[in-house]
Amino acid sequence: MAMRITNNMITDNAKRNINNNKVMVDKYNTQMTTQKKISRASEDPVVAIRSLRLQTSLSHIDQYLTNSSDVEAWLDIAGTALSNMGSILTDIHTLCVNGSTGTLTDEDRNTILSQLQALAEQVYTEGNADYAGRTVFTGYKTNSMLTFGEDDEDVTYEIDQSFSASEISEQRYYYGTTEIPTSISDLEDMGDCETVVGENTYYRLRMAYSATDNDDLAFSVSYTVTGDDGNETTTDLDVTVYATEDDWYQATLDDETGVGKTLEDGEVIYIQSTGELIFSSDVEAMLKKSDATIDVTYTKTGFNAEDARPEYYYDCRMTQPDANTVTYTKREQKIDFTLSTGITLSANIEASEIFDTSIARDVEELINVVSAAIDANSKLETLQSMTELEEYSSDDAQAMLQTYIDAAQKEADYANDNMQKTYEQYITNFNNYFTKVNSAITEVGCVEQRLNVIKTRVEDQQTTVKELKSTNDDRDITDIIIDYYAAYDAYTASLQAAAKLNSQTLLNFL
């Protein structure tokens with residue numbers, strides 16, 4: 001039995017078909033504008049889900065490439081700073097070579113001194129290099145400089161520093177200094193020069209800083225020995241503290257021989273002004289034989305602008321006046337960047353790996369040694385020139401002056417010899433520092449090469465994902481136009497057909 005079709009039903013179907021055709025026209029019109037397959041997830045859930053996954057992957061890849069650019073810039077800044085540091089060390093090394101020559105003039109010494117003083121201010125400057133306001137050598141504290149930046153006379157650090165026995169080195173210490181008479185009456189009052197000038201050799205460990213404080217609660221020295229059974233034994237050392245080398249000299253001065261700066265067997269002393277821990281030969285031998293670890297705790301108040309901050313090198317406690325104590329624990333602080341799925345790269349090098357605190361101490365010692373040689377030779381020249389003066393022309397005055405000249409000559413010989421030996425010794429030190437910096441530069445280069453490989457692979461991955469996403473999301477404009485005109489023709493035809501539906505009714509046939 002056939003179903004009865006009414007005019008209303010025909011009209012409703014026509015309206016529905018017209019609307020469906022209009023929907024298709026709108027769909028292709030939207031596609032033509034966006035060139036996307038869908039504008040709502042409900043249009044094609046499969047395309048929508050795949051698009052979301054590809055977009056997430058693309059977002060990750062974009063972030064990886066941003067991280068790669070950050071690492072690239074970070075390494076570029078670090079490499080430049082290390083190269084500059086290498087130049088500074090090369091300059092100091094050259095001065096060490098020049099200073100180790102035994103035929104230096106006064107002008108040569110003064111030139112070396114002025115150049116060293118200028119370089120001393122630059123030693124850790126490169127450690128303050130920053131990228132986008134973040135310092136690259138200070139670990140997690142990227143908002144702080146490696147150095148103090150300005151003189152701070154009030155801050156106090158209590159520093160824990162450890163040494164191996166192999167770091168104990170031989171050191172020369174000189175006693176006696178020649179005085180210069182200022183007039184003939186002064187010379188007559190002083191008489192013949194009775195100054196004894198000489199040299200003693202001891203063993204030392206040098207702290208990271210000079211001009212340290214003596215705080216009985218903070219200062220301590222102990223050594224630890226590991227036995228055959230693996231157990232560790234820690235023993236405190238009895239240390240005599242002197243504020244300066246002159247205090248040590250006066251405390252050990254022998255009135256009969258005029259000799260000072262001496263050590264008894266088993267004696268250990270600490271000099272605050274130089275930050276040196278000095279051992280007698282038997283203590284040094286014992287420590288080295290037992291392969292001991294020496295732990296020293298000391299305090300220092302007041303730092304210069306160019307000094308490296310202790311927290312980047314050692315466990316320490318920092319106290320500002322009327323402030324709480326801040327404790328710093330030295331640990332590895334690597335800054336990792338994620339460059340791809342499962343791939344991270346450490347971009348930073350810590351200051352403690354490159355900018356050794358011994359560099360500044362070596363420069364300080366080189367300055368002190370050449371200054372002592374300049375002073376000693378100047379003193380000798382002054383005394384020699386006095387022999388030409390009329391007021392010292394008498395035989396007695398000449399004889400007395402000669403005793404002063406002999407003492408000054410000996411003092412100058414010791415100072416020149418110490419300068420030559422120290423500068424010759426520090427050629428090796430600065431070679432080692434340069435080697436360490438050069439190794440860091442090589443490491444930066446290796447990281448850059450690895451970064452380039454990873455970055456190229458991620459860029460290729462980005463291109464692939466973009467192509468997949470385009471294939472999934474986009475439609476070719478030609479195909480859209482063809483579909484649009486087909487839908488539009490269907491829509492137009494449906495309108496024309498609908499226009500004739502009600503042009504005749506049943507009444508036309510009655």
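Ala132 is exposed in this predicted model, with a relative accessible area of 68%. The place of this residue is the loop between strand 1 (130–131) and strand 2, and its phi is positive, at about 55 degrees, although Ala132 is not a glycine.

**Backbone with positive phi**

- Asp322 also has a positive phi, of about 60 degrees, and is likewise not a glycine.
- The loop that holds Asp322 runs between strand 12 and strand 13 (326–328).
- Asp322 counts as exposed because its relative accessibility is 86%, and the threshold for that class is over 50%.

**Nonpolar cores**

- In soluble globular proteins, nonpolar side chains tend to be buried together.
- The largest nonpolar core here has 112 residues, and the members that touch the most others are Phe137, Leu277, Phe279, Ile294 and Phe430.
- Helix 9 (residues 395–473) gives the most to this core, contributing 23 residues.
- Another core, of eight residues, lies apart from the largest one; Tyr202, Tyr242, Ile271 and Ile278 are among its members.
- Leu277 has contacts beyond four places in sequence with residues including Tyr203, Leu205, Met207, Val221 and Val239.
- Further contacts of Leu277 include Val268, Ile269, Tyr270, Ile294 and Val296, and Arg204 is also among the residues it touches.

**Nonpolar surface patch**

- A nonpolar patch on the surface is formed by Ile477, Ile481 and Tyr485, which together have about 250 Å² of accessible area.
- Tyr485 is found in helix 10 (residues 477–499).
- With a relative accessibility of 48%, Tyr485 counts as partly exposed.

**Salt bridges**

- Side chains of opposite charge can pair when their charged atoms come close.
- The count of salt bridges in the model comes to 18.
- Lys455 pairs with Glu72, and their closest N and O atoms are 3.1 Å apart.
- Because Lys455 lies in helix 9 and Glu72 in helix 2 (residues 45–99), this pair ties together parts that are 383 residues apart in sequence.
- Lys455 counts as buried at 17% relative accessibility, whereas Glu72 is partly exposed at 32%.
- Lys141 forms a salt bridge with Glu311, with a separation of 3.8 Å between the closest N and O atoms.
- Lys141 lies in the loop between strand 2 (134–135) and strand 3 (152–164), and Glu311 in the loop between strand 11 (293–303) and strand 12, so this pair ties together parts that are 170 residues apart in sequence.
- Glu311 is buried at 7% relative accessibility, while Lys141 is partly exposed at 26%.
- Asp160 forms a salt bridge with Arg317, in which the closest N and O atoms are 2.7 Å apart.
- This pair links distant parts of the chain, as Asp160 is in strand 3 and Arg317 in strand 12, 157 residues apart.
- Asp160 is partly exposed, with a relative accessibility of 27%.
- One network, joined by salt bridges that share partners, consists of Arg204, Arg206, Glu276, Asp362 and Glu365.

- Strand 12 (residues 315–319) contains Arg317.
- Arg317 is classed as buried because its relative accessible area is 19%, and the class requires a value under 20%.
- Beyond four places in sequence, Arg317 touches Thr156, Tyr157, Glu158, Asp160, Thr297, Thr325, Val326 and Thr327.
- The C-alpha atoms of Arg317 and Thr299 are 9.2 Å apart, and the two residues are separated by 18 residues along the chain.

**Cysteines**

- The count of disulfides comes to zero.
- Cys193 is buried, at 15% relative accessibility, whereas Cys446 is partly exposed, at 44%.

Key. Residues are numbered from 1 along each chain as its sequence is written. This is a predicted model: local features need pLDDT of at least 70, side-chain atom pairs count only at pLDDT 80 or more; totals for chains, interfaces and linings use all residues. Side-chain values use heavy atoms; hydrogens and water are left out. A nonpolar core is a set of buried Ala, Val, Leu, Ile, Met, Phe, Trp, Tyr and Cys residues joined through side-chain atoms within 4.5 Å. Buried means under 20% relative accessible area, exposed over 50%, partly exposed in between (1.4 Å probe, protein chains only). Helices (H or I, at least four residues) and strands (E, at least two) are DSSP runs, numbered from the N terminus. Contact means heavy atoms within 4.5 Å. Patches are made of residues with over 30% relative accessible area and no salt bridge: like charges are joined within 9 Å, nonpolar side chains (Val, Leu, Ile, Met, Phe, Trp, Tyr) within 5 Å. Accessible areas come from the Shrake-Rupley method with a 1.4 Å probe; for residues, only the protein chains shown count as cover. A salt bridge is a side-chain nitrogen of Lys or Arg within 4 Å of a carboxyl oxygen of Asp or Glu. A disulfide is a pair of cysteine sulfur atoms within 2.5 Å.
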